[in-house]
Amino acid sequence: LPEDKTQPIQLEADQAKLNNETGISEYLGNVVIIQGTAQLRADRVILHTANNEVVRMEAFGSPAKYQQILQPNEPPTHIEGNTLDLKIADQLAEVTGNGKVFKGEDKLSSEKITYSLKTGELNATKSENSSDSRVRFIFHPPEKKSDKSASPSTDPKPQQ
Amino acid sequence: MITKEKLIQIFKIGPFILAAIALLFWLNLQEENASIQTSRTNITDAPDLTLINSSSKHYDENGQQQYRLTASKIDHYKDERTAVFQQPRLFNNQQGTEWTAEAEQGQANLDSDIIVLKDQVKIDRNTADQTVRLRTSELSIDTKQNIAENDVLTVIHSGNSYIESKGFQTNLNTNETLLKANVRGTHDVQK
């Protein structure tokens, strides 16, 4: 949700390596990072901070999983992959390796996916070096409204 | 019912009873003190040297000051080549990084560079743009390597982040820190 980024970031891990000089910290083992409705779960996460603010999260897992409710009253958007590169300021998620993006029943799988958390814009490319990997997209059109609501009386009358 | 004769009798022997009780109490007190005394003199090596409100500077072999140490009291035990500190505070300022470490108790073996700090241990580390505050119950500092380390609950505050773990190791100069287990943290986003 839009207000997610104003929420505190909670994090848990088995181990961590911090370096305040470089602003890069690495979290290892059962890593869970939560901010509002956004959740990241991975085996390893590298957190980049600048001026005490988190600007980027690189997650590695089998797979690394990210989910967030992007719009009120909508199901969460799920993003998975061997590597998730989340750029906080741009609200951009780059997935490489067994990439999946799904929301409700709609699902896209591809080797590489770039997904805008802001606009929902999506770019999927297959892997250069493996011939059989293709982009697969399962899309469930919204249920058709019943015929009654589509009767002529509601159609606008053509101007005479 | 207490008759007049009985009252007189009580008044006669009463003081003796009170005196006997007081004597018993005094004897018991003496015995207790004695046992404390003997337990204190059981410490084979009483400190051969005690410093009160001391301040000392420690240098490495190149003449570079490693740290300054103050303490409200230092007891030096010759046989064990050990020093025991009360309210020790270490100060270090190298390469633009200043850190202080303090605690209620401390101990150092004079043949090593390790100082162990206990009880309300605080490390504050300041650089130009940041202060890192570390709190724990016990840790050891290698004053040569400038490495602080423990295996107990430790809490670190830095900027708007709070993080805790069970056990840590940090280089006090470069501030590279390993949190060993059970890492939990919160990062407050600046509104």
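**Strands and accessibility in a predicted model**

Student: Which accessibility class does A:L122 fall in?
Tutor: The relative accessibility of A:L122 comes to 35%. Buried stands for under 20% relative accessible area and exposed for over 50%, with partly exposed in between (1.4 Å probe, protein chains only), so the class that A:L122 receives is partly exposed.

Student: On what conventions do such values rest?
Tutor: Residues are numbered from 1 along each chain as its sequence is written, while chains are lettered from A and ligands numbered from 1 in the order in which they are written. Side-chain values use heavy atoms, with hydrogens and water left out, and because this is a predicted model, local features need pLDDT of at least 70 and side-chain atom pairs count only at pLDDT 80 or more, whereas totals for chains, interfaces and linings use all residues.

Student: Which residues of chain A have pLDDT under 50?
Tutor: On pLDDT, the predictor's confidence in each residue from 0 to 100, chain A averages 83, and 81% of its residues score at least 70. Where pLDDT is low, the predicted coordinates should not be read in detail. That caution concerns a stretch for which the model has two contacts (heavy atoms within 4.5 Å) beyond four places in sequence, namely residues 150-160.

Student: Which strand holds A:L122, and which residues does A:L122 touch?
Tutor: Strands (E, at least two residues) and helices (H or I, at least four) are DSSP runs numbered from the N terminus, and A:L122 lies in β9 of chain A, residues 122-125. Leaving aside residues up to four places away in sequence, A:L122 touches A:V101, A:L108, A:I113, A:T114 and A:Y115.

Student: How many of the five residues of β3(B) are buried?
Tutor: Chain B has 191 residues, of which 35% count as buried. Strand β3 (residues 82-86) of chain B is largely enclosed by the rest of the structure, because its buried residues number four of the five.

Student: What is the phi of B:R81?
Tutor: β2(B) and β3(B) form a hairpin with four residues between them. B:R81 sits in that turn, and its phi is positive, at about 50°.

Technical notes: Two strands pair if DSSP finds at least two bridges between them.
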